[in-house]
Amino acid sequence: MAEALTKRFGDVVALDSLDLTIESGEVFGYLGPNGAGKTTTIRLLLDFLRPTSGSVRVLGRPPTDVSVRHKIGYLPAEVRLDPSYTGEDVFRFFAALRGVVDRTRQTSLCDRFGLDPTRRIGELSTGNRRKVAIVQAFLHGPDLLVLDEPTSGLDPLLQEEFHRLVREESARGATVFLSSHMLPEVEQLAQRVGVLRAGCLATVTDLDELRSRARQRIDLHIDGPADAAVFEGVTGVVEARADQRVVHLVVEGSVDGVVKAASRVRVHRWVTHDVDLEEMFLELYR
Amino acid sequence: MIVFGRFIRDRRRGLVGWSLGVVVAVASTLALFPTVKGQTSYNDLIDNLPRALRESMGLSAAVPFTSGPGYLQSRLFSTFLPILLLVFAIAAGARALGGAEEDGGLELVLANPVSRRHVLAGRYLGVVALVATLGAVALVALVVVGAPVGALDGVDRAGLLAAAVAVVGLALLHGTIAFVAGAVSGRRGPAVVAGAGVAVGGYLVQVLAASSPSLHAVGLLSPWQWLLARNMLATGPAWTALVLPVVVSAVLVVAGSTVFEQRDLR
């Protein structure tokens, strides 16, 4: 898909000789912290940007070939649409441009996400605007879905619905390119994951491999004085620190060892933290 | 065609508002004509004005202010109508691509199977159609209100049509400059500045050139000079005023399209 793909903006190297191939029909997670070059990659795929050097092919064709976009559904990270359009206006306009009008699918997608397509974009909340963007991306049953931070701004129930939709499309044979800075999102959908950092691909692995290397932060609130010694030497624990009544742990891979060790103390609260990717993949990045 | 249709639908409300404004402006100007018609004292007053000032008002000794052609030229065709249409054209041109890209609305459109060239062409034709429609509204208002008050007496019919087309041409040329600047920069601000800057600069050049015969050649660079060199209402169509804006606009759009197709979107 991408070969030695490089994009510079002035002196800033946004993407540095990226080599990446996505298999047809897979769900590929494209993971990296904000500013790593994920959106730049996507904008190159859609021909909004032109490579400084190297090349990209999308569904076997260069992105400059307009007809490729018949088969692409794009969900941008930040939804920006003319505020005077209604959802209906957007769907009609895009359907006409694509030459595919499927009212039944439009209605069923709107119903699934509880979207009223007669309201103007300008009157909609961020979450509802995102729904408009989701419906337009899936409307024409594309072969390739390019999803940039797809569930940011969606409430958990709708995130679930969205994940179901992606799984259905994947089962139908669509290829999914899922970009995110959140491991949990990618984890639920992707089979294979590429980790991007500062414009370079740090690794491409399958999800199990990634899970075994990902770190998480756990705080255990103990009844009584906390003692970190209980967790020292337990499988997976890379850091154990006690602070009055709380034990702070950093665990790599499975937390099974920690769960078993915790049975020896009285835990009354178990708090896990979303760790950002930088921290999560210390190993990979080193 | 889809892009064009969508663009017109998006802008129709604005066009209706502007049309009403133009009709009111034209009608109220013409309503005053009977108070001026044939009043020779006005002519004496105007004859005493400095030549540069007189010419900047679109008046010449041969066509008195108190005649239909003189009144229409000085009150409508020399500044008022061109400026109204020009402001409309610059705003529409700047918004069509530069503004749309800056607001981010363009990106999702271009994620569809439609080329940048196609979107540019559709939206440019949209701007042309909007400005032409507003010009037509002004002309119709002028004829409908002007005939009963006698403002069309002595007006060359072909010249009137040509003058209206030439005003649209002037407005469109500046709308094109704004459109192309927007296509190149991807922003609204530079687009407006380019369109308005050329309009003001061109107007000053035309006024200066009219004030001194030695500067006449410089004046030929100004689109205003193309429009105002002759009173078409009295003397019939002037081809420079009709052809030059179209030629320059076409060259600009082709050049702008090439840049727009090759650059990165913002």
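**Notebook: cysteines, rings and a bent helix**

Buried means under 20% relative accessible area, exposed means over 50%, and partly exposed is in between, with a 1.4 Å probe and protein chains only. C200(A) is partly exposed, at a relative accessible area of 33%. I then asked how many disulfides the structure holds over all chains. The count is 0, where a disulfide is a pair of cysteine sulfur atoms within 2.5 Å.

I noted the ground rules next. This is a predicted model, in which local features need pLDDT of at least 70 and side-chain atom pairs count only at pLDDT 80 or more, while totals for chains, interfaces and linings use all residues. Residues are numbered from 1 along each chain as its sequence is written, chains are lettered from A and ligands numbered from 1 in the order in which they are written, and side-chain values use heavy atoms, with hydrogens and water left out.

**Chain A as a whole**

I counted 10 helices and 13 strands in chain A. Helices (H or I, at least four residues) and strands (E, at least two) are DSSP runs, numbered from the N terminus. The C-alpha trace of chain A spans about 65 × 45 × 35 Å along its principal axes. Chain A has 286 residues, and 51% of them count as buried. I also looked at contacts, meaning heavy atoms within 4.5 Å. Of the contacts in chain A between residues at least 6 apart in sequence, 67% join residues at least 24 apart.

**Aromatic pairs**

Rings of Phe, Tyr and Trp (its six-membered ring) pair if their centres lie within 6.5 Å; planes under 30 degrees apart count as stacked, over 60 as edge-to-face and the rest as tilted. I got 10 aromatic pairs over all chains. One of them is the tilted pair of Y30(A) and F177(A), with 4.9 Å centre to centre and 40° between the planes. Y30(A) lies in strand β3 (residues 27-31) of chain A and F177(A) in strand β7 (residues 175-180), so this pair ties together parts that are 147 residues apart in sequence. Y30(A) is buried at 0% relative accessible area, and F177(A) is buried at 2%.

I checked F48(A) and Y74(A) next: their ring centres are 6.0 Å apart and their planes are at 65°, so the pair is edge-to-face. F48(A) sits in the loop between α1 (38-45) and β4 (53-56) of chain A and Y74(A) in strand β5 (residues 72-75), so the pair ties together parts 26 residues apart in sequence. F48(A) and Y74(A) are both buried. I also noted that F28(A), Y30(A) and F177(A) form one aromatic cluster.

**Helix α1 of chain B**

I compared the length of this helix with its expected span, which is 1.5 Å times one less than its number of residues. Helix α1 (residues 2-31) of chain B has 30 residues and should span 44 Å; its end C-alpha atoms are 42 Å apart, which agrees. Where does α1(B) bend? The bend is at R12(B) and comes to about 50°, taken as the angle between axes fitted to the seven residues ending there and the seven starting there.

Among the buried residues of α1(B) I listed R6(B), F7(B), L15(B) and V26(B). Their cover includes α2 (87-98) of chain A, and from chain B α2 (33-36), α5 (68-77), α6 (80-103) and α8 (116-146). R6(B) also lies over the face of Y85(A), at 4.4 Å from the ring centre. A charge sits over a ring if NZ of Lys or CZ of Arg is within 6 Å of the ring centre and within 35 degrees of the ring normal.

**Positive phi**

A198(A) has phi near 50° and is found in the loop between β8 (192-197) and β9 (200-206) of chain A. A198(A) is exposed, at 57%. Q244(A) has phi of about 55° and sits in the loop between β11 (237-243) and β12 (246-252) of chain A. Q244(A) is exposed too, at 70%.

**Two last residues**

T205(A) lies in strand β9 of chain A and counts as buried at 9% relative accessibility. Leaving out residues up to four places away in sequence, T205(A) touches R192(A), V193(A), L210(A) and R213(A). S211(B) is in helix α10 (residues 188-211) of chain B and is partly exposed, at 40%.
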